[in-house]
Amino acid sequence: MTAPSYLSATVEYGPNADSVVDLMARVSSTDWFSTAGKSAGRAAAEKSLREISHRFGIDEYRIQWLDKAQLPSFLEGMRLETSPLWQQIHDLPDRIREKAEDSGRMPNVTAIAEHIPEYLFHQSFDGAFREFGSQGKEIVQTAVGSVMYLAGLACAWEMLADTGDWETNPYKPLLQVFETGHWPLGLYDGVFYLI
């Protein structure tokens, strides 16, 4: 597959264009959900989870792997507002927007917001449909939405990585879990759920 033009440094992603393009290329080559419900890649996913939780000061939890049959009831009962991880990251999109406005980089954020879904939607949809299609369209939509949301925010954060205390991108470890072929579902009641 030929890389699209927006995966080149010729598109303006700000002073960090090279690292934004590298991250976009990395996520665009992910085999989305390919090991969901399987044991392959679990050790690497758990290592990334430890990095996420440590980064946010959440050190006491256990990991629970779900199988595909458990996914519909889990997602139906999931409430983001009860997740300590979500409580730590839910305001980050607003912080990204404010920092982009303050630094004159809103056009760069807009470019990322346009390009990420355009390139990742079909790949993530194909993977989600392949692995979760039998579970229903709501599950496929939720899976694809989580990819679009996290990948877009990771790239937007990367675009700001040269400003102040933005060097450490909190979304990268979550993307690393996706890169293992698994789906990080969230942290609830002391349990981090994955499939």
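The model is predicted: local features need pLDDT of at least 70 and side-chain atom pairs pLDDT 80 or more, whereas totals for chains, interfaces and linings use all residues. Residues are numbered from 1 along each chain, and side-chain values use heavy atoms, without hydrogens and water.

Leaving aside neighbours within four places in sequence, L185 is in contact (heavy atoms within 4.5 Å) with residues including L66, F74, M78 and Y193.

Rings of Phe, Tyr and Trp (its six-membered ring) pair if their centres lie within 6.5 Å, with planes under 30 degrees apart counted as stacked, over 60 as edge-to-face and the rest as tilted. By this rule there are 13 aromatic pairs. F125 and F129 are stacked, at 5.9 Å centre to centre and 15° between the planes. These two residues, F125 and F129, are four residues apart in helix α6 (residues 106-132), so about one helical turn separates them.

W157 and Y171 form an edge-to-face pair, with 6.4 Å centre to centre and 75° between the planes. Because W157 lies in helix α7 (residues 137-159) and Y171 in the loop between α7 and α8 (172-179), the pair ties together parts that are 14 residues apart in sequence. Both W157 and Y171 are buried, that is, under 20% relative accessible area.

Definitions and conventions. Buried means under 20% relative accessible area, exposed over 50%, partly exposed in between (1.4 Å probe, protein chains only).
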